[in-house]
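Hi,

Here is the structure I promised to pass on to you. Have a look at it first, and then read my notes below.

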Amino acid sequence: MEHKIQLYNTLSRRKEIFEPLNPPHVGLYVCGPTVYGDAHLGHARPAITFDLVFRYMKYLGYKVRYVRNITDVGHLENDSDQGEDKVAKKARLEQLEPMEVVQYYTLRYHKNMEQLNVLPPSIEPHASGHIIEQIELVKRILESGFAYEVNGSVYFDVVKYDAEYNYGKLSGRSIEETLENTRELAGQEEKRNSVDFAIWKKASPEHIMRWPSPWSDGFPGWHVECSAMGCKYLGDTFDIHGGGMDLIFPHHESEIAQSVAANGQDHVRYWMHNNMITIDGQKMGKSLNNFITLNQFFSGEHELLDQPYDPITIRFFILQAHYRSTLDFSNEALKAAEKGLKRLLKAADTLKTIKLSKSSTIEIKTWRNLCYQAMNDDFNSPIAIAHLFDAVRMINSINDGKETINADDLALLQTTYFDFVFTILGLKTDDKSQTDDHHLVEGLMQTILDIRKEAKLKKDWATADKIRDDLGKLNIEVKDTKEGASWSKIE
Ligand code: ZN
């Protein structure tokens, strides 16, 4: 590999040079959505962050197996062991089969991902399709002595595990802290310690999503699915596990504990976490009414939005911040992103038709290295984008005749610019805005030709001729026919 990537490992809390276990193969696992509602910005950020990782690694020549799961069982309302299953609750409220809810929102999620130009992962396993693997994992944890069964439920013994290993090595929390922060909730009397978590839960009579197991008819705990599916598709130890920072505790911390308890070793070598999104400086929350779905962003139909935003504008906006920084959404910031994106894409068009000279007054190689350096430094997309804007200035200067470029340099500028803008950052001209523009032009031209027709009927030749001549200056040819008038662009 010509390029070495330095990535920030949440586990070691520092940047490390990325060395895959089995180069050029890379195993990448990212926690996907719990499918019980439309995707919002909180879903877009990890999807785009790890799409960037996936795209850049593939671009460098790695063979990446990217696994992003669909959580459709076992994710309870309070993110641990209590409350109703999120999918089952939605199904009950809408009077649907849980799998109808799953199918409906999975399809809508895929559509949103396509709109954001997020590449599909290599494998997208559903938790409900891997109950056998999850039961096997629970069995192994029981055999190793780090879990216990009570009344058909199986709990992970966090205190016993922590005495031997370290429950808290990812989140940096000590077990004392965790114990202090764990509320004693009703219905938890089965647990030996309040920090213990269910890896298999016996289903209550009204619980619809249930499977037979050696312990009870029940369902797996939320953290079990990622350990089970990660191991199944990427091996007992794999390269990168990613997700949002909100998943570090308890989800990923518990995932590590389960895998170590079952296999005697860590299952992940590099943990990567994207930071959170705020809206006008506030955390997203149901009570704040700022849970803006992606579909609402695309249509503009939300009271907090001034206008609709194109999916690629949302993508570009997210890439303008480093994935480990917080990102605040506001209409002003999105409008600025919209403008910036237009400049980048316009320069890509200009670059296709730029004039060649015998010699260059600008240096491309150094600029190109800076673009790679930015991406190699923990996927620093905002710095890479800043270098692309430097290129926009170069491109415009060459186009204005203020600078010159020779054939070799132009070839290098074109490949690098197109690779970064389209292949690595995944930006594109939005098809929708192109068709919108097309409809707009058609409508405007019809209005203009109608006015000209009326002028001719009133024998107002001066107005009719002025319209034809002015359009001619814009390279639009008007032809008078028996039926009226038609227009075409002179290429
Ligand atoms: Zn997960």
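Before anything else, a word on names: helices (H or I, at least four residues) and strands (E, at least two) are DSSP runs, numbered from the N terminus. Gln134, for example, lies in helix 4, which covers residues 131–144. Is Gln134 buried or exposed? Its relative accessible area is 1%, so Gln134 is buried. (Buried means under 20% relative accessible area, exposed over 50%, and partly exposed in between, with a 1.4 Å probe and protein chains only.) Leaving aside neighbours within four places in sequence, Gln134 is in contact with Ala127, Pro220, Gly221, Val224, Glu225 and Ala228. Contact here means heavy atoms within 4.5 Å.

Two things to keep in mind about where this comes from. The model is predicted, so local features need pLDDT of at least 70 and side-chain atom pairs count only at pLDDT 80 or more, while totals for chains, interfaces and linings use all residues. Residues are numbered from 1 along each chain as its sequence is written, and side-chain values use heavy atoms, with hydrogens and water left out.

Now the overall picture. The chain has 16 helices and 15 strands, and its C-alpha trace spans about 95 × 55 × 35 Å along the principal axes. Of the 491 residues, 50% are buried. Take the contacts between residues at least 6 apart in sequence: 74% of them join residues at least 24 apart.

Next, the zinc ion. Which protein atoms are its donors? They are Cys31 (SG), Cys226 (SG) and His251 (NE2), lying 2.1 Å from the zinc ion. Donors are N, O and S atoms within 2.8 Å of the metal (3.2 Å for Na, K and Ca), and water is not among the atoms, so sites may look incomplete. In sequence, the spacing of the donor residues is C-x194-C-x24-H. Cys31 sits in the loop between strand 3 (25–30) and helix 1 (41–60), and His251 is in helix 8 (residues 248–263), so this pair ties together parts that are 220 residues apart in sequence. Both Cys31 and His251 are buried.

On to the sheets. Strands of a sheet pair through backbone hydrogen bonds, either parallel or antiparallel. For the pairs below, two strands count as paired if DSSP finds at least two bridges between them.

(Axes are lines fitted to C-alpha atoms, for helices over the stretch in contact, and angles run from 0 to 180 degrees between N-to-C directions.) Strand 9 (residues 238–244) is joined to strand 10 by 6 bridges, and His241 stands opposite Trp271 in strand 10.

Strand 6 (residues 153–156) and strand 7 (residues 197–202) pair over 3 bridges, and Val154 stands opposite Trp200 in strand 7.

Finally, two hairpins. Strand 1 (residues 6–9) and strand 2 (residues 14–17) run antiparallel and are joined by 4 bridges, with Gln6 opposite Ile17 in strand 2. There are 4 residues between these strands, and in this hairpin Arg13 takes a positive phi near 60°. Strand 14 (residues 476–481) and strand 15 (residues 484–489) pair in the antiparallel sense over 6 bridges, and their hairpin has 2 residues between the strands. The bridge partner of Thr481 in strand 15 is Gly484.

Cheers
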